[in-house]
Number of protein chains: 4
Amino acid sequence: MSCPDRVGIVARISSFIAEHNGTILEANHHADQQAGWFFIRNEIKANSLPFGPEKFSELVEPIASELGMKWRLVDSARKHRVVLMCSKQSHCLVDILNRWHSGDLECDIPCVISNHDTLRSLVEWYGIPFFHVPVDSSNKQAHFEQVETLIKQHRTDTVVLARYMQILPQSICQEMRGRIINIHHSFLPSFVGAKPYHQAFERGVKLIGATCHYVTSELDAGPIIEQDVVRISHRHEVEDMVRLGKDVEKMVLSRGLLMHLEDRVIVHGNKTVVFD
Amino acid sequence: MSCPDRVGIVARISSFIAEHNGTILEANHHADQQAGWFFIRNEIKANSLPFGPEKFSELVEPIASELGMKWRLVDSARKHRVVLMCSKQSHCLVDILNRWHSGDLECDIPCVISNHDTLRSLVEWYGIPFFHVPVDSSNKQAHFEQVETLIKQHRTDTVVLARYMQILPQSICQEMRGRIINIHHSFLPSFVGAKPYHQAFERGVKLIGATCHYVTSELDAGPIIEQDVVRISHRHEVEDMVRLGKDVEKMVLSRGLLMHLEDRVIVHGNKTVVFD
Amino acid sequence: MSCPDRVGIVARISSFIAEHNGTILEANHHADQQAGWFFIRNEIKANSLPFGPEKFSELVEPIASELGMKWRLVDSARKHRVVLMCSKQSHCLVDILNRWHSGDLECDIPCVISNHDTLRSLVEWYGIPFFHVPVDSSNKQAHFEQVETLIKQHRTDTVVLARYMQILPQSICQEMRGRIINIHHSFLPSFVGAKPYHQAFERGVKLIGATCHYVTSELDAGPIIEQDVVRISHRHEVEDMVRLGKDVEKMVLSRGLLMHLEDRVIVHGNKTVVFD
Amino acid sequence: MSCPDRVGIVARISSFIAEHNGTILEANHHADQQAGWFFIRNEIKANSLPFGPEKFSELVEPIASELGMKWRLVDSARKHRVVLMCSKQSHCLVDILNRWHSGDLECDIPCVISNHDTLRSLVEWYGIPFFHVPVDSSNKQAHFEQVETLIKQHRTDTVVLARYMQILPQSICQEMRGRIINIHHSFLPSFVGAKPYHQAFERGVKLIGATCHYVTSELDAGPIIEQDVVRISHRHEVEDMVRLGKDVEKMVLSRGLLMHLEDRVIVHGNKTVVFD
């Protein structure tokens, strides 16, 4: 939940939960003093409450309205439906698939969409349908229409661009605002756009990084969920950076995705509150 | 506050605060599910309440008693009185003194006690009394009696062993349990005791570290507040480790001390909850 | 190469290479001043020399003998044969397999050996033979004889224990000294042996780590190749540490293995020189 | 030394040193394959040679000329003369002064120059002359002329801008190219110019950093020596970033300065080779 800050929000919410005997498994608050905004996340044990999510929502509504709250109730038993999009490189995709397969990343993955057929058999080994939707400069519109159709058909909650390497059209970005996660292979806002490792090499930086962010209509400018870096030196050529960068990319994407899937991320303006 | 976990603790506390119109500046909770214990820290704007700390305490008492709570009310306007103890090396001491002098570390420093006179003029430049209490194998008892007297005379809240290099007697450790902070120059529990960098060199580790912990009667075994490491390689001799280690030591000690001074650390058993 | 330190080693070696017009792609030296020992690694472009490895070895021999050198000539075109051993957990295994499959880890993987059948189909998807060699307290000797036979049959250069979870018998450790790589899920020398995350949880450390090391007959005490850590807090239960630790384990093992496969590691006593 | 890459450079140099019985304490090479350039640094024990620096230079000259080398011979017994410039904030200045005072940073510090008088007594405690040269928009030219005069009078090798906060005029930048070191409080190239922590706060990054670089005439665009970052979150306001950033700033500046003072940095184009 998020709302304008004032006295008594936590009391109001936690009393409501306690009245109904709800067990709070985890509680996080944050007051953004500059924005005058308050954020709160409660993880409640479902079977400690005497009713289900519909009734709960009904009862929360008047409180939310009183406090001017934007809020969301998520049933953690219902898994997110996550569509993965990739290109030829496998490091991010495999990292996500293997976490999912090991039970470390709870979600459903209805399909993988790619503009190349390279990773088909790998994806299919995991029992996940793979859709090859080729793209070139002449058929961009048709490509993205097909992508959009697939996303809809699979009742997608979240799209993950696991090094997909194509810029999504505005329409998809807007319709799925806050639900498309990208990994950019630089420490944003440095090195926006193409070939960030080449840019990093030219500038002679001593650390390279990766950024997991929500996609918005402005390239590489959406709300940042997670970032990390790795040390490099003069000994590293661009191809070394690419190799070292892959490790940061996959870690940062998987960490960011986990936060998103556990509904720990609240977007406010162009920034995120991440209750880890 | 800390107490056995049960439903409604946050509701109880936050409602009490809200009833009296208290503004919560920061709230942190933690449920230790293994221990069945609940921890809560609230930072309340003093002038949002209609009464002072005495009345507040009086009103909290019945709630605390009902919930079986250990609790503490700290007036952040009243500064901790911190006695620093050091030996010959200045890196930790200067780091603390300069943060204090720059206003980044709020506390009073009534005096510095050392078994060497080396750092006197540096300490005195900061306007802080310096007590030289020499120690050798023949006068340990007298030394520590004098140290204890100085600690008492200066109405000390917290003692910081900023590379003091002597083992405090049991009596002081017990009397000031949870109020003496040490920096040990290894990543505990590795390399307990003397010459940890030599031990690290012998073992051929690839990272060295430092540990800030509360002192208990067992050497280097008290509750850990903060730790960090720095990368080394085969190129580093023991003296390089000493030099690189100094940076980690001073950072880790200052970060741990800051958490302690802002009353963000709760000791439970031999572990800490640090609400950063 | 490694030998007692003295004046002129680099000159002797580099002159020899230059005489035959050899292009040095990368050169690393290290003088261990405490041990009085010198280490040198040269990467020479094979086709810049007028002869092959046999002739080269023949010509190096007298220089090596004069300098009292232990040395090794490795043809980087000949790939290491790496046997992977695992148990049920896939994170380390998949990380290695996917790097290998993507061309980021150059080696041959003749087979995977496991005491469980769990990961068979995953391994077989990569086109690698999988041997299930069950083990229980009654058949340990038979198990290890079979393991040893498989290692020999596959002309194994290097064995990687990718979370294999069994202690190898002395005979294998000794025969393959410097060629068996293990990942231990703690920051050694802390938390040797079983259940290191439980030990870390009990001790209340603020960082957990992983250690990649050569296996020797003493448990978790061999020469360390690589280590790293990740930050945890009071919020993390043992199962969270296990999850977070997996990421460090797989990274540390893959980085250590890469150093080994590129022949960048020289073992000296119980320590390593790693020319990264 | 640096020169176009070719076969036999190391042989040529190391043979020359060995001929004269020179003991190499540390040797570093780097071949920049993209630029086709070779870099080499040798630390030679002075008293292992039968002659002094003049004769040594005389003998190196023909080799350097033959190889087309830029080179520099530095007598490590002769300390760099380092002028520190600061403004009001003390964290970087004190960190350098205390390392110097403890013997961990070998150099001479002939004076400190500041546009504020704030840190005078602190500097003077260390026995170092302090020059207060005020600046405002009306007297910039006079200010910098006085600064330039002081730099010259003190026979300065290196100027360190320890959070000096003024942009040096082109004339000084050009005359002292490669000898003025600045600390910028962001992870460059992100957040060039004023108020980088405010920029970082606005963008919602999850790590903030600092960059130590040589000053050139283009603002914050000179060759980078060292960088590092620290993790932040939504909980951190700008003032928290300022506080946390100070630690990274002082560490990064001191590490970069140490590399410079030990003559481990070679500038090539707009990048550095740092032989750590």
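Here is a walk through the interface of chain B and chain C.

A: First, the ground rules: this is a predicted model, where local features need pLDDT of at least 70 and side-chain atom pairs count only at pLDDT 80 or more, while totals for chains, interfaces and linings use all residues. Residues are numbered from 1 along each chain as its sequence is written, chains are lettered from A and ligands numbered from 1 in the order in which they are written, and side-chain values use heavy atoms, with hydrogens and water left out.

Now the interface itself. On the chain B side, 36 residues are in contact with 36 residues of chain C (contact means heavy atoms within 4.5 Å). Together the two chains bury about 3,100 Å², 50% of it on carbon and sulfur atoms; buried area here is the accessible area, with a 1.4 Å probe, that two parts lose on being put together, summed over both. B:Arg203, B:Lys206 and B:His234 supply 23% of the area that chain B buries against chain C, more than any other three residues.

C:Arg231 forms a salt bridge with B:Glu226, and their closest N and O atoms are 3.0 Å apart.

As for which elements do the touching, β2 (24-32), α7 (196-203), β10 (224-231) and β12 (271-274) of chain B each give at least two residues to the side that touches chain C. Helices (H or I, at least four residues) and strands (E, at least two) are DSSP runs, numbered from the N terminus. The largest share of that side, 7 residues, comes from β10(B). By type, the touching residues of chain B divide into 15 nonpolar, 10 polar and 11 charged; Ala, Val, Leu, Ile, Met, Phe, Trp, Tyr, Cys and Pro count as nonpolar, Asp, Glu, Lys and Arg as charged, and the others, Gly among them, as polar.

Then the symmetry. A rotation of 180 degrees with 0.0 Å of shift along its axis superposes chain B on chain C, at RMSD 0.0 Å, which is the relation of a two-fold axis. The copies are superposed by least squares on the C-alpha atoms of residues with pLDDT of at least 70 in both. The same surface serves both copies, as 100% of the contact residues of chain B recur in chain C. Of the residues of chain B, B:Ser190 comes closest to the rotation axis, with its C-alpha at 2.5 Å.

Conventions: A salt bridge is a side-chain nitrogen of Lys or Arg within 4 Å of a carboxyl oxygen of Asp or Glu.
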